[in-house]
Amino acid sequence: FLPHLVASMEDVEESYIMIKPDGVQRGLVGEIISRFEKKGFKLKGLKLFQCPKELAQEHYKDLQSKPFFPKLIDYITSGPVVCMAWEGVGVVASARKLIGATNPLNAEPGTIRGDLAVQTGRNVVHGSDSPDNGKREIALWFKEGELCEWTPVLEPWLKE
Ligand code: IDP
Ligand code: MG
């Protein structure tokens with residue numbers, strides 16, 4: 001056990017959250033964004049974006065060898081996505097909980113996938129799986145100048 005390698009719940013992290021093309025087509029953009037907003041995380045970047053194939057391949061490069069990889073790339077590039085950068089203490093793991101299991105049939109009710117999706121190949125939303133990947137993915141999807149550093153007026157009501 002290496003305690004110095006374990007992210008403390010005090011650590012401010014960033015997560016890359018993306019509403020996939022099915023979420024946009026189905027009119028779920030507001031619903032999905034509001035779940036992260038209501039939780040109390042800070043939005044640092046937001047855009048509607050048609051993802052080029054090369055970027056989708058880079059984003060999902062760890063899944064390159066999977067049989068579903070070509071279909072996954074077709075899915076992610078089939079229409080606009082909503083790219084978001086969210087910041088907060090423990091945001092990476094918390095966002096994964098709000099999103100729910102990869103297969104929406106295994107996702108708990110109350111989660112985004114549990115409430116709004118049925119199939120793994122149409123699971124409406126992406127969330128980074130580690131703080132390092134959060135940083136990597138935000139750098140991949142956003143250009144310099146597209147992220148805002150700001151202080152929400154509600155911050156004293158969200159942080160002790
Ligand atoms: P995650 O999105 O919950 O982190 P990953 O295992 O990282 O899940 O897979 C990335 C995405 O690839 C999933 O969200 C889903 O869209 C797609 N995917 C994963 N496994 C399958 C599969 O077995 N069939 C079709 N698509 C899949
Ligand atoms: Mg993943």
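1. **Basis.** This is a predicted model, in which local features need pLDDT of at least 70, side-chain atom pairs count only at pLDDT 80 or more, and totals for chains, interfaces and linings use all residues. Residues are numbered from 1 along each chain as its sequence is written, while chains are lettered from A and ligands numbered from 1 in the order in which they are written.

2. An unreviewed UniProt entry places "domain: Nucleoside diphosphate kinase-like" at residues 12–149. UniProt positions follow the numbering used here, with feature names shortened, and annotations may be inferred rather than shown by experiment. The span is 41% helix and 20% strand, and its end C-alpha atoms lie 14 Å apart. Helices (H or I, at least four residues) and strands (E, at least two) are DSSP runs, numbered from the N terminus.

3. The unreviewed UniProt entry gives His-126 as "active site". This residue is found in strand E4 (residues 125–127). His-126 counts as buried because it has 22 C-beta neighbours inside 10 Å. The classes are: buried with 20 or more other C-beta atoms within 10 Å of the residue's own, exposed with 12 or fewer, and partly exposed in between, with C-beta atoms placed from the backbone. Leaving aside neighbours within four places in sequence, His-126 is in contact with Ile-17, Met-18 and Lys-20. Contact means that the C-beta atoms of two residues, placed from the backbone, lie within 7 Å.

4. **Binding-site annotations.** The unreviewed UniProt entry lists "binding site" at Lys-20, Phe-68, Arg-96, Thr-102, Arg-113 and Asn-123. Among these, Phe-68 lies in the loop between helix H3 (53–59) and helix H4 (69–76). Phe-68 is exposed, with 11 other C-beta atoms within 10 Å. Thr-102 sits in the loop between H5 and H6. It is exposed too, at 11 C-beta neighbours inside 10 Å.

5. **Asn-123.** The loop between helix H6 (112–116) and E4 holds Asn-123. Asn-123 is buried, with 23 other C-beta atoms within 10 Å. It touches Thr-102, Pro-104, Arg-113 and Ala-117, not counting residues up to four places away in sequence.

6. **Val-124.** Val-124 lies in the loop between H6 and E4. Its phi is near 60°, a positive value in a residue other than glycine. Most residues other than glycine have a negative phi. Val-124 counts as buried, since 25 C-beta neighbours lie inside 10 Å.

7. **Helix H5.** The buried residues of H5 (residues 91–99) are Val-91, Val-92, Ser-94, Ala-95, Leu-98 and Ile-99. They lie on the same side of H5, because they cover an arc of only 165° around the axis. The arc is that of the directions from the helix axis to the C-beta atoms. These buried residues pack against strand E1 (12–19), helix H2 (29–39), strand E3 (81–89), H6, E4 and helix H7 (131–141). Arg-96, also in H5, is partly exposed, with 17 other C-beta atoms within 10 Å. Arg-96 touches Gly-127 and Asp-129, not counting residues up to four places away in sequence. Just after H5, Gly-100 takes a positive phi of about 90°.

8. **Core.** The largest nonpolar core has 29 residues; Ile-17, Met-18, Ile-19, Trp-86, Ala-95 and Val-125 have the most contacts inside it. Elements giving two or more residues to this core are E1, H2, H4, E3, H5, H6 and H7. E3 gives the most, with six residues. Such a core is a set of buried Ala, Val, Leu, Ile, Met, Phe, Trp, Tyr and Cys residues joined through C-beta atoms within 7 Å. Leaving aside neighbours within four places in sequence, Ile-19 is in contact with residues including Val-24, Leu-28, Val-124 and Val-125.
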